[in-house]
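Me: I would like a close look at a single part of this model, with the cut-offs behind each term spelled out.

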Amino acid sequence: MAPLTPRLVVPIDVKKQPWEQKVPLHNRWHPDIPPVADVTEGELFRVEMVDWTGGRVRDDNSADDIKFLDLTSTHYLSGPLRIVDSEGVPASPGDLLAVEICNLGPLPGDEWGYTAIFERENGGGFLTDHFPTARKAIWYFEGIYAYSPQIPGVRFPGLTHPGIVGTAPSVELLNIWNEREKRLAETSPHTLKLCEVLHQRPLANLPTPENCLLGKIQEGTAEWHKMANEAARTIPGRENGGNCDIKNLSSGSKVYLPVFVEGANLSTGDMHFSQGDGEVSFCGAIEMSGFLELKCEIIRGGMKEYLPPVGPTPLHVNPIFEIGPVEPRFSEWLVFEGISVDESGRQHFLDASVAYKRAVLNAIEYLSRFGYSKEQVYLLLSCCPCEGRISGIVDSPNAVATLAIPTAIFDQDIRPKHLRGRLRPKLIRLPDLLSCSNNGLPVTQDQSSTRAP
């Protein structure tokens, strides 16, 4: 018998706002957000999703939408979905939920995406000290390939994946999240920095009712107010999975999620056409609307059996996953190394973040010799299928990180070689990235030249 057509459980109309969708969406984690549908174990079903901003970033010639984006209103998730077995018995706390990604892609008629740099005063990013102003590149899809008018001379196949796949937390786990993140925010605002750069983002995104969307829970009710002040923001990945931005969760992969509440309450969103390891520009994947076709299996008692905790309670676990068989194949890579010595020359002790920052900066400096602005390279390294590694975390005092870039994505040879009299290869056309107006937020002067000398 031919396989059945997937059952559509969460439809999306990209012409409508997230709160106007036929099936309610949510942008927080809370155990009491009601499921929007039941899904039976082994059933093939389809979930559609808006892009992570809910359609607020446009296919136009300005980056103002990025510069002024309200980051309290992000990650509109499809779900929760209550998972039951063939006899109608729901998944139970302590079970393991195996979620297989059978198919995925952009929504038909909405085959485009974007990559962006956030303004330093509104989100920043991994390299906000080098690239403090908002920029945007639009990407268009041709089957499995993406190209951008703003970054010419580059074309690559996407490793499409959801940035967020997760189950609902229990009340106990939600309290653990809120307590530990509150302590971080209250005790370390002036001491903890990313790569010794003070970012404008908070150290932790604590619960707030502002722009809170809780699915079927009616805004303004007593129940909504209580939940909105407890519900966890979706910004970080946590024990339930969530916003892990793992590019290998693509077609054919399987993720094993812990179950904390009855029914598991599975949610997903934040679709990416492609992403580099680290998603270094923060809005750094090719963000898009999209769909997933999934199957679920309940492994009874699987948390205790397969997810031994590393922490003070049995809830301190993390998902595991299998990489699918479908991904771009590249045979030649150019690999950039970084050590935990920052660009001011200061030594750090086995700091993998500093080492990876150096690897990214080394790649940006190198590729800017091939006719690109540094902003263009920064965005490209955030969304192309490059591979990041912690290559060494043992040899004191330097951690070593590497960034491998597939050379086939370029329409020119980027390997070191004799240039026979030319200073560097040149692109025929070098358009600027989509920039923004200078009104509203302060403008910070970039301390480094955007182009190679």
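Which strands does helix 5 lie across, and at about what angle does it run to strand 20?

Reply: This is a predicted model, in which local features need pLDDT of at least 70 and side-chain atom pairs count only at pLDDT 80 or more, while totals for chains, interfaces and linings use all residues. Residues are numbered from 1 along each chain as its sequence is written, and side-chain values use heavy atoms, with hydrogens and water left out.

Helix 5 (residues 352–367) lies across strand 20, strand 21 and strand 22, and runs at about 135° to strand 20. Helices (H or I, at least four residues) and strands (E, at least two) are DSSP runs, numbered from the N terminus; axes are lines fitted to C-alpha atoms, for helices over the stretch in contact, with angles from 0 to 180 degrees between N-to-C directions.

The three strands form an open, antiparallel sheet in the order 20-22-21, where two strands pair if DSSP finds at least two bridges between them. Strand 20 (333–339) and strand 21 (387–392) are the edge strands, each pairing on one side only, and neighbouring strands of this sheet are turned by 25° against each other on average, direction ignored. Strand 21 and strand 22 are joined in the antiparallel sense by five bridges, and Arg389 has Thr402 in strand 22 as its bridge partner.

Strand 22 (residues 400–406) includes Val400, which counts as partly exposed because its relative accessibility is 22%, between the limits for buried (under 20%) and exposed (over 50%), with a 1.4 Å probe and protein chains only. Leaving aside residues up to four places away in sequence, Val400 touches several residues, among them Ile339, Ala355 and Arg389, contact meaning heavy atoms within 4.5 Å.
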